[in-house]
Amino acid sequence: MSEKALESKPKADLADFLESLGISGQTLLLLGILTVLIAFFAITEDRFLTSSSLSSMGFQLPELGVLSLAMMVTIIVGGVNLSINATSNLGAVLAGLMMTRLIPEGAAEGQILLYIGLALLIFLTIGVLTGILNGLLVGHIGIPPILATLGTLSLFQGISTGLTKGQTVTGFPEQVQFLGSERFLFIPLPFWIFVIATVVTYILLNHTAFGFKMRMTGTSPAAANFSGINNNSIIMRTYVYSGLLAAIAGMIVMSRTASAAYEYGSKTYVLLTILIAVLAGLRQGFGNALNIFLAVLILQVLSTGSFMALRGVRGSTFFKDFSWGLLLVAILIINYHVRGRRTHG
Amino acid sequence: MLKSIIKRNEFITFLTIVVLSAVIGIINPTFFSVSTLFNVLRASNVYAIMAFGLLLVVILGGVDISFVAISAVSSYSTHMLLLSLGYEGGILLYFIIAGVIGIAAGLLSGFLIAQFDLPIFDLSLAMVTLWYGFDLFFIGATANFDLPEGMVGYYGAHILQVQDPVVGQTGLHISVLYVLVVGVLVWLLLRYTTIGRGIYAIGGNREVAIRSGYNVKAITMIVFPILGLLASIAGVTQGGYQRNFNPVLFIGQHLDVLAAVILGGAAITGGRGTVIGAYLGVILVQLINRALILTGIPVEWQQFTVGVILVVFTAVPAIRARRRKRIGHTEESEKFQEI
Amino acid sequence: MAQELLRAEHITKHFGGVTALDDVSLSVDEGEILCLVGENGSGKSTLIKIISGVYKADQGDIYINGNHYKQLTPIESMRQGIQVIYQDFSLFPNLTVAENIATNEMLSTGRFVVDWSEIYRIAEDALERVGVSLPLDVEAGTLSTADRQLIAIVKAILADARLIIMDEPTTALTQKEVHALFDVIKDLKERGISTVFVSHKLQEVREISERTIILRNGKKVLDRDASELDVKTIEYHMTGREIDTSSLEFSEPRTDATPLLRVENLTLGRGFYDISFELMPNEVLGITGLLGSGRNELALSLFGHLPPESGRIYLEGEEMTIRSIEDATRKGIGYVPADRIREGLFLPHSISNNTVVTIINSLLTRLGFIDEERKDEVAEDWIERLDVKTPSGELPVESLSGGNQQRVVLAKWLANHPKVLIMNGPTVGVDVGSKAEIHHLVRNLAKEGTGVLLISDDIPELMRTCNRILLMRRGKIVDEFVRERTDEEELNRALVAAGGNGSGTGTTTAG
């Protein structure tokens, strides 16, 4: 074993020091890319850094961002959660149906707010319940996470489909749009939510015993088990947290679009959150919420920036996918070159 | 000999198909008809062709989700190209041009993976986003229904025509021949060529395969172009049959093909899988989809039913595995007899 | 009379600034059985890789069959008849035995098409040549370790091996299988095929070796006829110092106090039956037996991984039901596993993280967050106390040698202040120097009041550390030995007798 160490001599160097601060090479790389992109678009597109463009970015990306955090925690613990989008939509559908069916015509503002409060409760409950189900299947029963969450994805989306018969729920009271359209200190509320969610996730993962155990379980469930960690409990709690985040994402979507649909984002969002996870350098047992945050920002900047730059060109909204794919290929190749000296998982 | 057949995963899949068909048939006797058979076969064709390609990657030990995008981009760009040239001929040229594009796209993936040692899944994640984006932005964003003269009849190109009591005239579409040819070729590759044995070897133990002298890079750069080619054949076939070419063809359906390959007995960790198994897996997935419709469950509750089935069917073996572990089934207790 | 097959002269190899091999020379004659012994880091793997052409020596010459090589390639080495059998046996678990045997041969012909009848012919011929019989159509992964090893040997012979190098070949074999392997090696010798046997199991080295070569820190320190060497001498040369066992303080177990651990009629079907014993304070109790004796299951059961079906466990006099590992850990039982890579360590994580994993809940600030400073302090403290050799606690644990890794596992459990520590094969794959230190540690633990249950099949280890030793066979305790009244020979005999169809406590077969 020590001969292997001879061949790849790891020294305690700057990279290790930064890593202990939670700032890894990947973070710096993403920060660098983000800065370059922002600078590029700011220079080439005079309308890029205007408050209206920034704020529209600030309203669009948070739902994907929060969903990415929901995916992130399950990857760190050694699994995956394909049902996150279905969870968001389920929360939105149930809350939506409740509000559109139960709120009487011409109700007073106070009453409406009460119903909205109830809607919030529904979201949180759905987040917890879906998380418990996932946690049971993956942890206690031991179904491989891909299969388990694929099943729950169909289950949750199926409930949404069944209840709405495929129709989008509309007719929300306008107070619902508060979250999705208001600002605080010039920054869109949903963006604040994304920031808070990132900070909370970061603290959870890096500064709590729970986060510590999550990372251990994710790295080696066998060793975790033999070290006295209750894997089932850790996995359960992780999926519940993931479900809560997914539900919050659903809140943002419902508030922004004033609607609830069973298939909102169903073809693309989950894959995108995985793409973001890979961009962020996530893997079992290791992950930084900050990287996710930066990766989401990068995707948004690329999307908006390229859309502006190609204004007038047919199909300009689709260039972003092409650019995202290119970006990921570039990052994968960069990581390959950096990987040589470090032990990789 | 019989015992070894029975133990194999493919046989279990076959059995499941038989049982499921029987159950559906009991609920809805019209299921047992020639037209159903021909329908199932035809619908399976494009997925089977893609499954045969994906099978190679899975045996190699990886998972690829970008083949659906290659399907779309190769068929759609071929179509738009030929359209702009005023082409009025048959489908053969489509296959040739799309085939070249598919092989090129596959080579790109294969090269990146071999040269930079990139994880197969991660790269395919990048490529699926990239190719669909490329398709939509550079080629076109809307489905096109303008088929050349020579392809208008493709929809009804049957190799076999039969009178069905309920439906009337029903035919077996020519695309079933593609499946046969591709299936046989892939089977020959896997069983009778060094490359094919190399795919199994790498999937079984990559280190040892390298030590034994298999050229992993070369094999990687052969497998992915094959997948690309097969994806393009599937894309053109589908486009010709549905009489339109769609830039986002098969989007989201990568899981269906992967499920078919796994249900057909291939191991997700690599080293195992057969052409027959993959085909059976595709048929099974088709049947499951139809079973729901034929059982009369309202459309809006079908996905929910799929979810319940998936959860139950994955929970049961997992619970049994857990229980076996609890009974102290360690490797050492196996040696109980040995001393 | 015997012809010289291989000669390596003045081999030197550097990696970066470290010298892995320093002027090492050796020679192997035709039909000779040579044992290569050395600690981790002694250079033995490097030497093998140079002989097989995987590494190129910086200085030195290699002569094979009279041919001189300055730079040897793997293909040339193989062509000259040198075959290495690695610990994974170079097998494809998903392919049939026939294909496994014939693959290298088929590949070397460079043909594109595969001829299955040829594969079967090659495989059958090879099996005949070696004189073994294996089912050709079975997936190699389903066979036993011993059979898989045979496939590797058959492959080597097929490649016209004149020298077979075996790297730690007996790790997963039962006693019977080890002797079967030795028979094969002797048979190879009869045919003029030489074997280089790399092993750390000194008893086995003594049994099979004709000549023993010892490496230490990259230098050859001994090259002698095996009959002139005993285990003590080998150990001395491996580590460069006397393994001081005399200073091992044997504390007397307090027979009047409440037993730390008392087990009554413990039973687990397909594991062990009716086990009863006591572990007194200041005592190290050894449990031994061959593979399949149930000693492993017993350890796992006491640790909560395989809860017993019936029987009672008393910890410090109090009855306990231990239903899970979490239970056991909380109640003060620790477990150092046999497979430390899979079950004991989180390889990519830092040494400090690995050290504090059992006590992380107690390293929190008042607000409930991890107290980073205290965590680092505690980790540093344990790294020092157990003498883990590393420049930094932040380095990943996988960068450590086997011996140091094991210290981290120990640190992890000691940090939890267990009442009873179960150690399962704690010095497997650990260099001799670390091994002795771990033994000291075990005795000290006992002296300080922690009860230690030592599960091991290493007789010298048991004799050096335990006050008493229980022998298990087929799930039952069949004998008990007290250190002062027994010796290694008696233990050895008892252990081996327990595996044969010999006399003694004859119990009926378990199943």
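Trainee: Let's start with Asp23(C). Is Asp23(C) buried, exposed or partly exposed?
Mentor: Asp23(C) is partly exposed, since 14 other C-beta atoms sit within 10 Å. Bear in mind that this is a predicted model.

Trainee: Okay, and which element is Asp23(C) in?
Mentor: Asp23(C) belongs to strand E2 of chain C, residues 18-29. Check its backbone too: phi is near 55°, a positive value in a residue other than glycine.

Trainee: What about Arg474(C), what's its phi near?
Mentor: Phi of Arg474(C) is near 50°, again a positive value in a non-glycine residue.

Trainee: Where does Arg474(C) lie?
Mentor: In chain C, Arg474(C) lies in the loop between strand E19 (468-473) and strand E20 (476-482).

Trainee: And why does Arg474(C) count as buried?
Mentor: Arg474(C) has 23 C-beta neighbours inside 10 Å, so it counts as buried; the cut-off for that is 20 or more.

Trainee: Staying with chain C, how is it divided into domains?
Mentor: Domain 1 of chain C covers 4-239, and domain 2 of chain C is made of 243-332 + 420-503. Over C-alpha atoms, the centres of the two domains are 35 Å apart.

Trainee: How many residues of each are in contact?
Mentor: Domain 1 of chain C puts in 7 residues and domain 2 of chain C puts in 8. On the domain 1 side, helix H8 of chain C (residues 231-239) gives the most, with 3 residues. That side of domain 1 of chain C divides into 1 nonpolar, 4 polar and 2 charged residues.

Trainee: Switching to chain A. What's the mean pLDDT there?
Mentor: The mean for chain A is 87, with 91% of its residues at 70 or more.

Trainee: Where does pLDDT stay under 50 in chain A?
Mentor: One stretch is residues 1-12 of chain A, where the model has 24 contacts beyond four places in sequence. Another is residues 341-345 of chain A, with 11 such contacts.

Trainee: Now the helices. What angle do H4(A) and H12(A) pack at?
Mentor: H4(A) and H12(A) pack at about 170°, and their axes are 8 Å apart. H4(A) and H12(A) are therefore roughly antiparallel.

Trainee: Which residues make that contact?
Mentor: From H4(A) they include Phe59(A), Val66(A), Leu69(A) and Val73(A), and from H12(A) they include Tyr241(A), Leu245(A), Ile248(A) and Ile252(A). By class, the contact of H4(A) with H12(A) has 15 nonpolar, 3 polar and 2 charged residues.

Trainee: And how do H9(A) and H12(A) pack?
Mentor: H9(A) (residues 189-207) and H12(A) (residues 231-257) also pack at about 170°, with axes 11 Å apart. H9(A) and H12(A) are therefore roughly antiparallel to each other. Pro190(A), Ile193(A) and Ala197(A) of H9(A) meet Leu245(A), Ile248(A), Ile252(A) and Arg256(A) of H12(A). By class that contact has 6 nonpolar, no polar and 1 charged residues.

Trainee: What about H9(A) against H10(A), at what angle do they pack?
Mentor: About 70°, with axes 5 Å apart. H9(A) and H10(A) are therefore roughly perpendicular to each other. On the H9(A) side the contact uses Leu204(A), Leu205(A), Asn206(A) and His207(A), and on the H10(A) side Phe210(A), Gly211(A) and Met214(A). It has 4 nonpolar, 3 polar and no charged residues.

Trainee: How many residues of H10(A) are buried?
Mentor: 9 of the 11 residues of H10(A) (209-219) are buried, so this helix is largely enclosed by the rest of the structure. Among them are Phe212(A), Lys213(A), Met214(A) and Arg215(A).

Trainee: What covers them?
Mentor: The cover includes helix H4 (51-76), H9, helix H11 (221-225) and H12 of chain A.

Trainee: Next, chains A and B. How many residues does the contact take from each?
Mentor: 37 from chain A and 34 from chain B. Helices H6 (109-141), H7 (145-164), H13 (269-279) and H15 (319-339) of chain A each supply at least two residues of the chain A side. That side has 22 nonpolar, 11 polar and 4 charged residues.

Trainee: Last one: where is His254(B)?
Mentor: His254(B) is in helix H11 of chain B, residues 254-263. His254(B) counts as buried, with 22 C-beta neighbours inside 10 Å.

Trainee: What does His254(B) contact, leaving aside neighbours within four places in sequence?
Mentor: Ile65(B) and Val68(B). His254(B) and Ser66(B) are 188 residues apart in sequence, yet 7.8 Å apart from C-alpha to C-alpha.

Terms used. Residues numbered from 1 in each chain as written. Chains lettered and ligands numbered in written order. Predicted model: local features only at pLDDT ≥ 70, side-chain atom pairs only at ≥ 80, totals over all residues. pLDDT = per-residue confidence, 0-100. Contact = placed C-beta atoms within 7 Å. Domains from an automatic or database assignment. Helix = DSSP H or I, 4+ residues; strand = E, 2+ residues; numbered from the N terminus. Nonpolar A, V, L, I, M, F, W, Y, C, P; charged D, E, K, R; others polar. Axes fitted to C-alpha atoms, helices over the stretch in contact; angles between N-to-C directions. Parallel < 35°, antiparallel > 145°, perpendicular 65-115°, else oblique. Buried ≥ 20, exposed ≤ 12 C-beta atoms within 10 Å, placed from the backbone.
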